Amino acid sequence: MEGYSRNGEISPKLLHLIPQGTRRNWFHDDQASVYNTEEKKLELKLGPPGEDEHEDGSSMLRHIKKEPKDKSTLSLAGKHFSPSSTTNKPTSQKRTAPGPVVGWPPVRSFRKNLANGSSSKLGNDSTSNAVVLKNQKCDDDNGRAMTMEPKRQGGLFVKINMYGVPIGRKVDLNSHNSYAQLSFTVDKLFRGLLAAQRESFGEEEKPITGLLDGNGEYTLTYEDSEGDKMLVGDVPWHMFVSSVKRLRVIKTSKISSALTYGNGKQEKMRS
Amino acid sequence: MSEDDEDQSPASDLRSQRPCSPNKSRNCISSSQTFPDHVLENVLENVLQFLDSRCDRNAASLVCKLWWKVEGLTRSEVFIGNCYALSPARLTQRFKRVRSLLLKGKPRFADFNLMPADWGANFAPWVSTMAKAYPWLEKVDLKRMFVTDDDLALLAESFPGFKELILVCCEGFGTSGIAVVANKCRKLKVLDLIESDVTDDEVDWVSCFPEDVTCLESLAFDCVEAPINFKALEALVGRSPLLRKLRLNRFVSLEEVHRLLLLGAPQLTSLGTGSFSRGDQSQQEPPDYAAAFRSCKSVVCLSGFRELMPEYLPAILPVCANLTSLNFSYANISPDMFKPIIHNCHKLQIFWALDSICDEGLQAVAATCKELRELRIFPFDPREDTEGPVSELGLQAISEGCRKLESLLYFCQHMTNAALIAMSHNCPELTVFRLCIMGRLRPDHVTGKAMDEGFGAIVKNCKKLTRLAVSGLLTDQAFRYMGEYGKLIRTLSVAFAGDSDMALRHVLEGCPRLQKLEIRDSPFGDVALRSGMHRYYNMRFVWMSACRLTMGCCKDVARAMPNLVVEVIGSDDDDVNRDYVETLYMYRSLDGPRKDAPQFVTIL
């Protein structure tokens, strides 16, 4: 498919793919609801830049015809999605396959990452950014704190732990657009838990600030796809999102030691 | 390995809830005036305790009130196929001496993100009720339940004789919960975490097992995505003389497996090999892995290979001849790597693999594994538009070589009717047939026709078929076949199939044993839904998402069937007045609608 290279890397503009109204096409075909139209204006479809956007996903038909020929002598690749094979059926019934869909093929999330080469020993957790493109909205979507919509795609959940708090949480990076937003979410997620851990008497919950600039008591760091630990905030947002595997909030005073030792966690466990 | 293992007998625990409405004249109590009640009860108890099968017990409990009562006293193993079919209180009122509970929660389509998180299926009310009622509880087996660390803590504290914890496709807990169980359940024999989402709380749970000799017989943590303390694991294996099954996660390297095998290999019957790749010591000479496997004289079940380094695969050759179960489904193995291995596996009955072994690999399986009962082929690259390394050729080969096949799960890009027809003739023992043609709406890629005849042949010729999942281009005709021939079908999965309401009607009117129906993205609407109303009380659940149901019709059904809980699940931008029903999930219940439904669920 154009715009999607075989090794799974995606150009950032395709991160938020798939029209939300896709699954409803059967029913709402003839209803131009405001919701659907506005959504369609915002959506990005699979395809090379500058391609026309057609309502019913017929841009997909062009892609289908470019399918590699299969082994059989009769190559019927072009026929697969042709609506003409079902001319007796009502037209509101979409027989074409309009694009990747939630939960299809029906493979559980932990089986979805094999093609991305989870053979790194550095503990890729099962969140994989590239899988966003693979008709699966997110892998670790069973994060306890998060509710999600079955139709929406592109949720990217990464685990986040905070020093001093035993329970980890999860953050949907795709619902954030900036570091500031992320910082705000981290504060929201952990403020209460941190206060509970400190067992402070009558003290109000302190907001967690200065995560990005080194001025606060805590600093936000992350582990990228190569297992390296980095400070959050140095690279453009979209680059960060495409490489982050895991987040950690550490004490600012411990920055230099935390970032120097690569496989920090594994070393501790094995000793 | 238990991805969707199905129970054998129909689940009709609910039917026996009627405290003997029929036949007062057959009431034993009134007819046996000569014997005091309690003597009769004791006799019955002593007899009924030998009844194991759920089916038999359900039947016995219907005889009369006395039998119902005594059966309730003697049932020690309870199966609940849908946690919302009854309340925990009803369970503890009816059955007084339960030792073992098997509880299932979310519907299967929740695994594929068709249902938002936080839908429910909470274990909490169950564990808190049982904590008071069943102090002698020994075994809990949960599937698709939401279990928190607090639940696990309560479990660990409440049941002093607790022996077996099995969590399949569960979530909501982490390594801290596991640590509590490990620490407090001193009689623990089985701790099996299977395909569950376990949060890494960075707790060294392996060290939490008690210091003395343990009762552990089975420890499975291959799904736990967190490093473990290997030294502690080694010590644990060293003091667990009864350990037979050990399934390691991918954070255990080959060298570490080697060390574990040196400790306890001869007793092990089931081994999950972890990553099957070397750790950091790539410079050193590798130890003799084959020798370690040679000492695994009892291993019959092998799995793992999570990050396989293929050059070490031949190390497992010594155990191949004994294997009855082999799971390669995490390993991207090419046909050339695969063939020398499978060539030795003559006794293999259960085989799971990725489609990377290609049709060629399947042909090798067909040539060697004459005892094969269960085959599952998963896609390495689960997209719709790829070339696909397995096809009808592989399936044809399997059907010709493995005549005893009973259960099939097969992901492919293309299929032909001819291959399915051949399989229907060659494999008459098939009870489970699940074919996923990943490209939606794909016809037979040789003839261009719909896949109706192929699936039709399967339902017609495989007379023992109880579970069916269909895919590819299917018209109403396929469903006509299902209704006509699928008389034993209990579970049916449909996606992107059918032309009209008639298709679903054929199934609802023709399949008397249907228990579980899951449908997505198919053009079935109100007429079809109404046509099944005579069936729904006899079914465990019906799931229909992205079909053509209207709110009005669902409300009608809910009104007409008061013991049916009709849930409409949507996102928060659907308001209740909107007519389109995104997802319908309905099930019978003895205790009415649940109280813990989240905001996005509307119970009609």
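Mentor: B:Asn249 touches B:Phe221, B:Asp222, B:Val224, B:Ala226, B:Ile228, B:Gly274 and B:Ser275, leaving aside residues up to four places away in sequence; contact means heavy atoms within 4.5 Å. The model is predicted, so local features need pLDDT of at least 70, side-chain atom pairs count only at pLDDT 80 or more, and totals for chains, interfaces and linings use all residues. Residues are numbered from 1 along each chain as its sequence is written, chains are lettered from A and ligands numbered from 1 in the order in which they are written, and side-chain values use heavy atoms, without hydrogens and water.

Trainee: Why is B:Asn249 called buried?

Mentor: Buried means under 20% relative accessible area (1.4 Å probe, protein chains only). B:Asn249 has 0% relative accessibility, and therefore counts as buried.

Trainee: What makes strand S21 of chain B largely enclosed by the rest of the structure?

Mentor: A strand is a DSSP run (E, at least two residues), numbered from the N terminus. Six of the six residues of S21(B), residues 564-569, are buried, so the strand is largely enclosed. B:Leu564, B:Val566 and B:Val568 point one way, while B:Val565, B:Glu567 and B:Ile569 point the other way.

Trainee: How do you know that S21(B) and strand S22 of chain B pair?

Mentor: Two strands pair if DSSP finds at least two bridges between them. S21(B) and S22(B), residues 583-588, have six bridges and pair in the antiparallel sense. Within this pairing, B:Val566 stands opposite B:Met586.

Methods:
Buried means under 20% relative accessible area, exposed over 50%, partly exposed in between (1.4 Å probe, protein chains only). Helices (H or I, at least four residues) and strands (E, at least two) are DSSP runs, numbered from the N terminus.
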